[in-house]
Amino acid sequence: MSLTADPPACTVPAAGGASTHKLVNGGADKLIFKIKSSNNNEYRITPVFGFVDPSGSKDIVITRTAGAPKEDKLVIHFAPAPADATDAQAAFAAVQPAGTVTIPMSATA
């Protein structure tokens, strides 16, 4: 069971901008994920919860509003998805995260 992010880091202008990343499931099991940010004031993540099919991928968009340049990070918690799960947010509450992926985020002047 593995989940990776491509690209593995995010750099956006401090004045605001967006970056698209792909979560890639390298395993044979469907995964469920939840994304946490160290800076919810200046970053918006879409989607926050979701599924990644076996050997599949899911796009996430990191959007930054204007703010002072600084270093932040996203932490993506993931676990095998329950077989009958259709609502990622509700299902994630019932699982124990099996791993994490960290995406460092830099806002440049």
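1. **How the elements are counted.** Helices (H or I, at least four residues) and strands (E, at least two) are DSSP runs, numbered from the N terminus. On that basis the chain has 1 helix and 9 strands. From the N terminus on, their order is β-β-β-β-β-β-β-β-α-β. The radius of gyration is 14 Å, close to the 13 Å that the globule rule gives for 109 residues, so the chain is as compact as a globular protein of that length. That radius is taken over C-alpha atoms, and the globule rule is 2.2 Å times the number of residues to the power 0.38.

2. **What kind of model this is.** This is a predicted model, in which local features need pLDDT of at least 70, side-chain atom pairs count only at pLDDT 80 or more, and totals for chains, interfaces and linings use all residues. Residues are numbered from 1 along each chain as its sequence is written, and side-chain values use heavy atoms, with hydrogens and water left out.

3. An unreviewed UniProt entry carries the annotation "domain: MSP" for residues 2-109. UniProt positions are given in the numbering used here, feature names are shortened, and annotations may be inferred rather than shown by experiment. Over residues 2-109 the chain is 5% helix and 56% strand. The end C-alpha atoms of that stretch are 34 Å apart.

4. **Overall dimensions and surface.** The C-alpha trace spans about 45 × 25 × 20 Å along its principal axes. The chain exposes about 5600 Å², and carbon and sulfur atoms supply 52% of it. Accessible areas come from the Shrake-Rupley method with a 1.4 Å probe; for residues, only the protein chains shown count as cover. Of the 109 residues, 41% are buried. Buried means under 20% relative accessible area, exposed over 50%, and partly exposed in between (1.4 Å probe, protein chains only).

5. **Contacts across the sequence.** Contact means heavy atoms within 4.5 Å. Take the contacts with a separation of 6 or more: residues 24 or more positions apart account for 67% of them.

6. **Strand β4 and its two partners.** Strand β4 covers residues 31-37 and is mostly covered, with 5 of its 7 residues buried. Two strands pair if DSSP finds at least two bridges between them. β4 pairs with β6 (residues 49-52) in the antiparallel sense over 4 bridges. Here Lys 34 stands opposite Phe 49. β4 also runs antiparallel to β8 (residues 71-80), joined by 7 bridges. On that side Ser 37 stands opposite Leu 74.

7. **Two faces of β5.** In a regular strand the side chains alternate between the two faces of the sheet. Which residues of β5 make up its covered face, and which its uncovered one? Tyr 43 and Ile 45 form the covered face; Arg 44 and Thr 46 form the uncovered one. β5 pairs with β7 in the antiparallel sense over 4 bridges. Thr 46 has Val 61 of β7 as its bridge partner.

8. **Arg 44 in detail.** Arg 44 sits in β5, residues 43-46. Why does Arg 44 count as partly exposed? Because its relative accessibility is 44%. Beyond its neighbours within four places in sequence, Arg 44 is in contact with Val 61, Ile 62 and Thr 63. Its side chain also reaches the backbone oxygen of Asn 40 at 2.3 Å.

9. **Ser 19 in detail.** Ser 19 belongs to strand β3, residues 17-25. Ser 19 counts as buried because its relative accessibility is 14%. A polar contact of 2.8 Å joins its side chain to that of His 21. A polar contact is a pair of N or O atoms within 3.5 Å; within protein, one must be able to donate a hydrogen and the other to accept it, and residues adjacent in sequence count only if both atoms are side-chain atoms. Not counting residues up to four places away in sequence, Ser 19 touches Cys 10, Val 12, Ile 60, Val 61 and Ile 62.

10. **Backbone points to check.** Most residues other than glycine have a negative phi, and most peptide bonds are trans. The bond from Asp 6 to Pro 7 is cis, with omega near -5°. Pro 7 lies in the loop between β1 (3-6) and β2 (10-13). Thr 46 and Pro 47 are also joined by a cis peptide bond, with omega about -10°. Pro 47 is in the loop between β5 and β6. Ser 55 is not a glycine, yet has a positive phi of about 55°. Ser 55 lies in the loop between β6 and β7 (57-64). Ser 55 counts as exposed, at 64% relative accessibility.
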